[in-house]
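Q: I have a structure open and want to go through a few parts of it. Can we start with the strands?

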Amino acid sequence: MRQINRVAVLGAGVMGATIAAHLANAGLDILLLDMVPKELNGAEQAAGQSLESPQVRNRIAAAGLAGLLKMKPAPLYLKEYASQIDIGNFEDDLAKLKECDWIIEVVIEHLPIKQSLFEKIVPHLATGAILSTNTSGLSVNAMAEGLPPEVRKNFLVTHFFNPPRYMRLLEIVPCLDTDPAVVEELSDFISRRLGKGIVHAKDTANFIANRIGVYAIYKGIEHMLAMDMTVEEVDAIAGPATARPKSTAFRTADLVGIDTLIHVGNNSYQLLPDDEERETFKVPEFMAQMGDKGLLGNKSKAGFYRKEQVDGQRKIFYYDYQNGEYKPLEKPKFASIAAVKLVDDPAQKVKMVVEGQDKAAEYAWKNLRDTLIYTVNRIPEIADDVVNVDNAMKWGFNWEIGPFEMLDAIGVASFVKRAEGDGVAVPEVLKKVEAFYRFNESGQKEYFDLQTGEYCLYPLKPGQINLQILKKVHGVVEKSAGSSVIDLGDGVFCLEVHSKMNTLGGDILAMTHKAIKRAENDGVGLVIGNQGVNFSVGANLMLLAVALAEGAYEDVDMMVRAFQKATMAIKYAKVPVVAAPFNLALGGGSEYCLHAAAINASAETYMGMVEIGVGLLPAGGGTKEMCLRAVELATRFDTDVSPFIFKNFKQLGMAKVSMGAAELFDMGYMRDGDSISMDIDHLLADAKQKVLALAVNYRPKRMAEKIPAPGRSVAASIKSQLWNMQMGGFATEYEAEMGSVIASIICGGDVPAGMPISEDYLLQLEREGFLKLCGNKKTAERIQHMLKKGKPLRN
C-alpha cells in the first residue's frame with residue numbers, strides 16, 4: 001500500500017488553502033507554496049522590510065494560511081490543525097518537494113501557467129511521487145504533454161469540489177500514460193484518509209458533475225424563459241421537491257458565482273463543438289448583462305437574489321430578468337409542490353411532481369426530461385457507467401438521487417413513452433432498459449451497464465457495510481415502523497432507526513431494549529447506526545405536545561421514564577454498544593450516543609443537546625451525564641469540579657452543537673477510546689470493528705453510586721450569573737428560570753458539596769426538572785407554535 005505522509009499544495013488561493021486545510025484534517029503534513037510578491041505593500045514598507053525579507057517572499061502563502069482561521073464555514077476541524085501546514089514560495093522552497101509523496105497543483109485555470117509551473121517543479125520531484133492538478137475542466141492530456149515519461153505515469157487530475165472539507169465529491173481523471181496502479185492507490189487513499197467520494201471521469205470538458213449540473217441549470221433557464229416563469233418560481237421547483245438541494249438552481253448559481261457560471265457556459269460552448277445540446281450552453285443575454293453590471297451572486301451581495309434592510313428588517317428580493325430590477329419575494333404556491341412537502345422519499349417526490357397537473361409539474365418534467373436524456377447520451381463520453389454519474393451528482397451538486405435513479409423513480413418505460421409523446425428524441429438504449437438498478441435473486445444490488453447491455457454487481461469498497469443490501473440478503477431480525485435490528489455478522493447486531501428524520505419515538509425505545517437483548521443473548525455487541533440523511537434529530541415531541549395540550553403530566557412522566565430506561569439499557573448492557581453518529585445527532589440522538597460504551601463518529605458529526613431551544617432540558621440522561629463527566633474529570637485530576645460544571649452548563653444553556661466530530665472531545669461528549677471515521681462509507685464497518693475489539697475483554701458497567709455532588713453552592717454561583725444576565729437585559733426571566741432548573745440538576749440538587757448521590761437520583765432530578773419546565777406556559781406555547789408551523793418537533 002502506497003504511503004502518503006507529506007503533501008505539497010502549489011497555490012495558496014482560497015481553493016489551494018482549503019485543500020491544504022482538509023489534508024491537515026486528515027493528519028497529514030502539508031507544504032503550502034505560492035508566488036513571491038513583486039512589490040511591497042504598505043505594512044511591509046512601514047516595517048522596513050525588503051523584497052528579500054522572508055516574510056515578504058512568503059506573504060501570499062502566509063495570507064492563505066491565516067485566512068483559514070477566519071473562514072466560515074470552517075475549513076479546519078480544529079484551528080490547531082493549521083500548525084501542520086508549512087508555508088513557502090515557488091522560488092526558495094521547491095527543493096522541499098523532494099520530501100513530498102504527493103504534489104497538488106492548484107493555480108489559476110490557464111494551461112500555459114500550469115505548464116510553466118510544472119516545468120519548474122519537475123526537477124525537484126522525488127522518484128515515484130504523485131503529481132496531480134486540481135483543474136475543473138482543462139485537458140489532463142494537454143497538461144501531460146510537456147512532462148517527462150516517468151512523471152506522466154504518476155500524473156492525473158484530482159478535482160476537489162469547493163469547499164473541500166464539506167463537498168464529498170472528488171473527480172479523478174488519468175492521462176493516457178497514468179499508471180492504473182497509481183489511480184487505484186490514490187483513489188483508495190483519498191477515500192480512506194480524506195473521506196472523499198471518488199468518481200472516475202474522462203478527459204472531457206468539465207468532466208462529469210459540472211457537465212451535467214451546469215447543463216441542468218442552463219436548460220432550466222431556457223425553459224424558464226419559454227414558460228415565462230420567474231427566478232423564484234423556478235427555485236420553488238428545482239429544489240428539495242425534485243430531489244435537488246435546498247440551495248435550488250439560482251441560489252446555487254449565486255453561491256458558485258454568476259461569473260463562474262458564465263465562464264463554464266462559454267467554456268462548454270467552445271470545447272464541445274459536437275455536443276447535440278451545444279446551443280443550450282450559450283449564455284442568455286440577461287445573464288451576460290448581470291455579469292457586466294457586477295451582479296455576480298454572493299461575492300457581490302447581489303445576483304439572482306439580493307438581501308436588503310427595509311424598516312429594520314432583512315428582506316430578500318429576486319432578480320426580474322425581464323426588466324433588470326429586483327422584486328420582493330412572492331412565495332409562489334404550486335399544488336404539485338405542496339403535495340410532496342411531507343414526503344420523505346426523494347424518488348417518490350420526483351415521481352409525484354412530474355405527474356402533477358400544474359405549471360410547476362410541467363416545468364419539472366421538461367427540465368428533468370431534457371437533463372436525463374442528455375445524461376444518458378453522455379455515456380461513455382464522460383464516464384463508463386451510471387454509478388459514477390449518479391454519485392457525481394449526489395456528491396458534487398447535492399442531488400438527493402442521481403439522474404439514473406430519477407429515471408428509475410419515474411419509471412423508464414413511462415419516461416420513454418411520455419418523452420416520445422412530446423416529440424423528443426429518446427436514446428434507443430432507454431427502450432431496452434427496465435430499470436438502471438435492481439436486486440438480483442441473491443439480494444445483491446446490480447446496475448445496468450449501458451455499454452454491454454447487461455447488469456453488473458454494484459461496486460462496494462472492501463469491508464463496506466450497506467444496510468439496504470444486507471437487509472435484502474439476510475433480512476431483518478426484528479422490525480417496527482421506525483426501526484430494525486439487523487445482523488451485521490460476527491455476532492454484531494445493528495439497531496437501525498428509519499423513522500421520519502430518524503426521530504426517536506416509543507416504538508424505537510422499545511426496539512432498543514429488544515436489540516440489546518438480542519445482542520446479549522445471541523451475539524457479542526451492538527452498533528447503533530443507520531445510513532439515512534442524519535443519525536437522529538432527537539426525540540419526537542409530537543406526543544408531548546398533545547399531552548401538554550391536554551394537561552396529561554402523568555403521560556409526560558411516563559414518556560421521560562421510557563426514554564431514560566432506553567438510554568440506561570444502552571449504558572449498562574452486558575455487551576458493548578457502540579454509537580455511530582453522523583451529520584445531525586441532536587437532543588435525544590446525542591443522549592443515545594452519550595450512553596454508549598464507545599462512539600465511532602463520522603468526521604462530519606454535528607452533535608448537541610438542544611432541548612433548551614423548545615424550553616426543555618435533556619431528560620434522557622443527558623443532563624445527568626454532564627454532571628457525571630464533570631465529577632469524573634475533577635476526581636481524576638484531584639481538582640475543583642466548578643470549572644467543569646460551568647463548562648457543561650454553558651453547553652446545555654446555549655444549546656451548543658459541535659461543528660464536527662473533532663470538537664466533541666473538548667465538549668466532553670467523546671472521550672479516550674472513541675474514534676472518528678473520515679470515510680462515511682466505512683462508518684458502520686468501523687463501528688462494528690470497535691464492538692469486536694471491546695467485546696474481547698468487555699467489563700459491563702455498574703450503576704454509579706456515591707457520586708460526590710457538586711452541590712448547591714456551585715448551583716448558586718450559576719444562578720447568580722443568570723440573575724446578573726437577567727438584570728442586565730441579556731436574558732429574559734423565562735430563560736433565567738430554565739437555566740436555574742438545569743443548574744440545580746447538573747449540580748446534584750439542593751445538597752451540600754461532596755454529598756454522595758446516585759445516578760438514579762440524578763435521573764429523578766431530570767424528570768422533575770423536565771416536568772417543571774413543561775408546566776411553564778411559554779414552553780407549551782413554543783412547542784405548539786412549532787407544531788402549527790408544520791416543523792418536525794424534536795429536542
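Q: Which residue in E4 stands opposite Ala8?
A: Ile103 stands opposite Ala8. Bear in mind that this is a predicted model.

Q: How do E1 and E4 pair, parallel or antiparallel?
A: Strand E1, residues 6-10, pairs with strand E4, residues 102-105, in the parallel sense. Four bridges join E1 and E4.

Q: And what is the strand order in the whole sheet?
A: The order is E3-E2-E1-E4-E5-E6-E7-E8. That is an open sheet of eight strands with mixed pairing.

Q: Which strands are at the edges?
A: Strand E3 (85-89) and strand E8 (197-200), each of which pairs on one side only. On average, neighbouring strands of the sheet are turned by 25° against each other, direction ignored.

Q: Which strands does helix H8 touch?
A: H8, residues 180-194, packs on the sheet and touches E4, E5 (130-133), E6 (155-160), E7 (169-174) and E8. The direction of H8 makes about 25° with that of E6.

Q: Switching to Ala17. Where is it found?
A: Ala17 is in helix H1, which covers residues 14-25.

Q: Buried or exposed?
A: Ala17 counts as buried, because its relative accessibility is 1%.

Q: What is Ala17 in contact with?
A: Leaving aside neighbours within four places in sequence, Ala17 contacts Gly11, Ala12, Gly64 and Leu68. As for Leu32, it lies 15 residues from Ala17 along the chain, and the two C-alpha atoms are separated by 7.5 Å.

Q: Now H18 and H19. At what angle do they pack?
A: About 85°, with the axes 6 Å apart. That makes H18 roughly perpendicular to H19. H18 runs over residues 403-410 and H19 over residues 412-421.

Q: Which residues meet there?
A: From H18, Leu407, Asp408 and Ile410; from H19, Val412, Ser414 and Phe415. By class, the contact has four nonpolar residues, one polar and one charged.

Q: Last one, H22. Which residues are buried?
A: In H22, residues 542-550, the buried ones are Leu544, Ala545, Ala547 and Leu548. Seen down the helix axis, the buried residues of H22 fall within an arc of 165°, so they line one face of the helix.

Q: What is on the other side of H22?
A: Leu543, Ala549 and Glu550 are exposed there.

Q: And which residue follows H22?
A: Gly551 follows H22, and its phi is positive, near 70°.

Notes
Residues numbered from 1 in each chain as written. Predicted model: local features only at pLDDT ≥ 70, side-chain atom pairs only at ≥ 80, totals over all residues. Heavy atoms only, no water. Axes fitted to C-alpha atoms, helices over the stretch in contact; angles between N-to-C directions. Helix = DSSP H or I, 4+ residues; strand = E, 2+ residues; numbered from the N terminus. Parallel < 35°, antiparallel > 145°, perpendicular 65-115°, else oblique. Contact = heavy atoms within 4.5 Å. Nonpolar A, V, L, I, M, F, W, Y, C, P; charged D, E, K, R; others polar. Buried < 20%, exposed > 50% of the residue type's maximum accessible area, 1.4 Å probe, protein only. Arc of directions from axis to C-beta. Pairing = 2+ DSSP bridges.
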